Amino acid sequence: MPPNLIEIGLPIALILIMMGVGLSLTTNDFARVLKQPKSFFVGAACQLFFLPLMAVAVIAVTGLNAELAIGLFILALCPGGTTSNLYTYLAKGDVGLSVSLTAIVGFITPFILPFMAAWAIGFYGQGNSTIEFPVLKAWLQLIVVGVIPVIIGMGLRAKWPGFAKKAGPYINWFSVLVLLLVIVSICIQLGDKLIDYIVLAGPAVILLNLLTMLLGYAVATLYLHNRAQTRTITLEVGLQNGTLALLVTTGILQDEVMSIAPSIYGLFMFVSAGIFVAWVRRSALPVESHTPV
């Protein structure tokens with residue numbers, strides 16, 4: 001894999017993507033968490049707790065092991081990205097809730113992911129001493145690429161709101177392009193082994209994506225009784241920040257095999273999310289106003 005794309009290009013891309021999250025944020029997005037705590041905490045619980053637990057269950061059921069299992073678990077630790085905000089808008093969901101979840105869970109993730117990833121390597125690595133996770137280095141790098149850019153983006157939004165509104169859509173498409181370029185690089189690097197790894201990891205990846213979206217939909221329906229917010233949470237748990245996962249697996253751990261599951265997920269989530277958006281837009285049922293619950 002071209003080293004510049006991973007070592008230089010991917011961190012820069014992620015910085016721009018997270019800055020894009022900040023460009024879509026105002027202080028009102030954080031204030032709404034206090035005004036609508038139930039919807040936020042249901043969404044955050046699905047992302048931070050249920051999604052990783054579901055990954056553990058899927059890994060156990062499908063028999064995934066070693067690097068493939070580690071890669072899938074790391075992907076499950078990642079927050080939703082700017083793509084989830086775009087799909088929420090297309091699905092006529094609660095965009096404010098989506099942005100709030102993307103931002104705040106994105107703030108939390110750098111403090112959790114290094115330690116949980118280290119656990120996964122120890123648990124699924126089958127005693128492979130060659131796989132080492134630099135927890136402190138990873139934590140610092142994730143703060144630099146995942147937290148600080150959001151703060152900068154918010155500052156730019158406050159000072160130049162017109163620029164922020166225009167730049168947002170371009171950053172969304174840029175994030176998709178970067179993800180595709182990295183996935184292509186991984187495929188080239190793996191060569192003849194690619195098909196074997198796809199056959200091994202593909203079912204687990206697809207199962208995880210579909211089950212978590214169903215879980216998010218069921219939990220939100222049960223507790224929120226608001227279709228717009230239910231759609232939002234479904235997409236937030238189904239669309240993960242694949243670029244962040246690939247930064248960890250290829251940039252920090254430098255392991256192409258670990259990148260297989262995030263790569264497949266990064267492609268398949270657009271399919272499942274697209275089908276979900278098409279389904280909800282065809283629904284004849286009206287969408288409620290975004291009233292506090």
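The model is predicted, so local features need pLDDT of at least 70 and side-chain atom pairs count only at pLDDT 80 or more, while totals for chains, interfaces and linings use all residues. Residues are numbered from 1 along each chain as its sequence is written, and side-chain values use heavy atoms, leaving out hydrogens and water.

**Exercise 1.** Work out how helix 4 and helix 6 pack, and which residues make the contact.

Step 1. Start with the geometry: the angle is about 160° and the axes lie 9 Å apart. (Helices are DSSP runs of H or I, at least four residues, numbered from the N terminus; axes are lines fitted to C-alpha atoms over the stretch in contact, with angles from 0 to 180 degrees between N-to-C directions.)

Step 2. That angle makes helix 4 roughly antiparallel to helix 6, a label for angles over 145 degrees.

Step 3. Now the handedness: this crossing is right-handed, that is, the near helix is turned clockwise from the far one by less than a right angle.

Step 4. Pick out the contact (heavy atoms within 4.5 Å). Helix 4 brings Ala66, Ala69, Ile70, Phe73, Ile74 and Leu77, and helix 6 answers with Thr109, Leu113, Met116, Ala117, Trp119, Ala120, Ile121 and Tyr124.

Step 5. Sort them by class: 13 nonpolar, 1 polar and no charged. (Ala, Val, Leu, Ile, Met, Phe, Trp, Tyr, Cys and Pro count as nonpolar, Asp, Glu, Lys and Arg as charged, and the others, Gly among them, as polar.)

**Exercise 2.** Describe the second largest cavity and its lining.

Step 1. Its volume is about 80 Å³. (On a 1 Å grid over the protein atoms alone, a cavity is a set of points where a 1.4 Å probe fits but cannot get out; lining residues have an atom within 4 Å of a point.)

Step 2. Among the lining residues are Leu14, Met18, Thr109, Leu142 and Asn241.

Step 3. Helix 1 (3-23), helix 6 (95-124) and helix 7 (135-146) each give this lining at least two residues.

Step 4. By class, the lining has 7 nonpolar, 4 polar and no charged residues.

Note on methods:
On a 1 Å grid over the protein atoms alone, a cavity is a set of points where a 1.4 Å probe fits but cannot get out, and a pocket is an open set with protein on both sides within 12 Å along at least five of seven lines; lining residues have an atom within 4 Å of a point. Grid points are joined across faces, edges and corners, and a volume is the space filled by probe spheres set on the points. Angles under 35 degrees count as roughly parallel, over 145 as roughly antiparallel, 65 to 115 as roughly perpendicular and the rest as oblique.
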